[in-house]
Amino acid sequence: MLVHPETVIATSTRRSADDARTEDLREALAARRQELETEHAEAVAEMTLAGVVDAGDDVADLGTKAFNREQEFALVLSIRSRMDQVDRALDRLAAGRYGTCETCSEEIPVARLAAFPSVTLCVTCKSISERR
C-alpha cells in the first residue's frame, strides 16, 4: 500500500483544522470590516454636519472650521485605508496567500498576525519600507 491510513487521517485532521482556522480568520476579518464601515459612516456623518458655515462666522471661526474639517477628512481617509487593508487580507486569505509577506514571500510570524490580522508585510520588510 502506497499511502498508510494513519497518514490519510492525520492529513485530513490537519486540513480540517486549517479550514477551521481559515474560517475563523475570515469571520474575524469580516467583523473588523463591519466595525470599520460603521466607524467610517459615523465619521462622514459628523464631517458633513460640522462643516456648515454660519452667516455670523468671523475669520477665526472659518479658520477653525476649516482646520477641523481637514482633521476629520484625514480621519475618514485613515479609516478608509484600514478598510482597504482588511479587504486585501480577505483577498489574500481567499487566494491562499494569507500569512506570507507580499515583498519577500516569507511567513509572517503568528504573533504579528494575531496583533494585526490585516498585515501584509513581515517585520523586516515593514522596517525597510518605513525607512524610505
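**Figure 1. Overview of the helical protein chain in the predicted model.** The secondary structure consists of four helices and zero strands, arranged along the sequence as α-α-α-α. Of the 132 residues, 18% are buried. The accessible surface amounts to about 9,300 Å², and carbon and sulfur atoms contribute 57% of that area. Eight salt bridges are found across the whole structure.

**Figure 2. Salt bridge between Asp87 and Arg33.** The closest N and O atoms of this pair lie 2.6 Å apart. Asp87 belongs to helix α2 (residues 59–95) and Arg33 to helix α1, so that the pair links distant parts of the chain, 54 residues apart.

**Figure 3. Salt bridge between Arg26 and Glu23 within helix α1.** The closest N and O atoms are 3.1 Å apart. Both residues lie in helix α1 (residues 5–50); because they are three residues apart, about one helical turn separates them. Arg26 is partly exposed, with a relative accessible area of 30%, and Glu23 is likewise partly exposed, at 34%.

**Figure 4. Salt bridge between Arg88 and Glu102.** Here the closest N and O atoms stand 2.5 Å apart. Relative accessibility is 38% for Arg88, which counts as partly exposed, and 36% for Glu102, also partly exposed.

Definitions and conventions. Residues numbered from 1 in each chain as written. Predicted model: local features only at pLDDT ≥ 70, side-chain atom pairs only at ≥ 80, totals over all residues. Heavy atoms only, no water. Helix = DSSP H or I, 4+ residues; strand = E, 2+ residues; numbered from the N terminus. Buried < 20%, exposed > 50% of the residue type's maximum accessible area, 1.4 Å probe, protein only. Areas by Shrake-Rupley, 256 points an atom, 1.4 Å probe, with all protein chains shown as cover. Salt bridge = Lys/Arg side-chain N within 4 Å of Asp/Glu carboxyl O.
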